[in-house]
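Student: Could you walk me through this model and help me see what its side chains are doing?
Tutor: Gladly; let us look at it together.

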Amino acid sequence: MESRVKVFGIFNILLGITMIITEYSAIVMYGLPMDTTAAGLWGGMFVMTTGVVIIKRHNVMVLVFSILSAMSGLIMIALYIWSMSLYGKRISSGYTCDQTYYEGHSICSRIALDSLFLIYGAAAVGMNTILIHDAKWIEPKNRNGLANTSTAIHTDVPVVVTITPSMTN
């Protein structure tokens, strides 16, 4: 399980970094409403943070950030499907990529950018849905750096439990 945890963590960190870089380039290049929402920036931060907490093995935080990452992936998918619908008529009416411009740029670059964000969103939703479902296999590490194998709470403080009978009529 140790290698599975690292693979999920590293994948989320790399996905988050690429989402942030791509969103930054979209904002600089286009500045359209679907880009200025910065779904790739804050979504990338959620995905990257999810990867870090997976590697650090904080179960509750993995669950919280996996939910946020999956939601940001869904938002990203919705935004860039909307973006594709804005210029879809130009493509379907027979224009080619080289002759069609969208906001001053070749429509090919916009298609590539929107497709990347759809892939990023699908990857974020897919990976983090698995994490939401299977978060229990990410066992927190104990003080010695080893994974805890039991679910019982261990304390150094002795606990005394007293049971007293209740009064009944």
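**Rings, charges and helices**

Student: Is phenylalanine 65 buried or exposed?
Tutor: Phenylalanine 65 counts as buried because its relative accessibility is 15%, where buried means under 20% relative accessible area, exposed over 50% and partly exposed in between, with a 1.4 Å probe and protein chains only. Keep in mind that this is a predicted model, in which local features need pLDDT of at least 70 and side-chain atom pairs count only at pLDDT 80 or more, while totals for chains, interfaces and linings use all residues. Residues are numbered from 1 along each chain as its sequence is written, and side-chain values use heavy atoms, with hydrogens and water left out.

Student: And what about phenylalanine 46, which class does that one fall in?
Tutor: Phenylalanine 46 counts as partly exposed, because its relative accessibility is 24%.

Student: OK, how many aromatic pairs are there?
Tutor: There are four aromatic pairs, counting rings of Phe, Tyr and Trp (its six-membered ring) whose centres lie within 6.5 Å, with planes under 30 degrees apart called stacked, over 60 edge-to-face and the rest tilted. One of them joins phenylalanine 46 and phenylalanine 65, a tilted pair with 6.4 Å from centre to centre and 50° between the planes. This pair links distant parts of the chain, since phenylalanine 46 sits in helix H3 (residues 39-56) and phenylalanine 65 in helix H4 (residues 59-92), 19 residues apart; helices here are DSSP runs (H or I, at least four residues), numbered from the N terminus.

Student: Which residues do ring pairs link into a cluster?
Tutor: Ring pairs link Trp42, Phe46 and Phe65 into a cluster.

Student: Switching topic, how many salt bridges does the structure hold?
Tutor: The structure holds one salt bridge, meaning a side-chain nitrogen of Lys or Arg within 4 Å of a carboxyl oxygen of Asp or Glu. The partners are aspartate 114 and arginine 110, whose side chains meet at 2.9 Å, N to O.

Student: Why can such side chains pair at all?
Tutor: In general, side chains of opposite charge can pair when their charged atoms come close.

Student: And how far apart are aspartate 114 and arginine 110 in helix H5?
Tutor: Aspartate 114 and arginine 110 are four residues apart in helix H5, so about one helical turn separates them. Both aspartate 114 and arginine 110 are buried.

Student: What does arginine 110 lie over?
Tutor: Arginine 110 lies over the face of tyrosine 30, at 4.5 Å from the ring centre, where the rule asks for NZ of Lys or CZ of Arg within 6 Å of the ring centre and within 35 degrees of the ring normal.

Terms used: Helix = DSSP H or I, 4+ residues; strand = E, 2+ residues; numbered from the N terminus.
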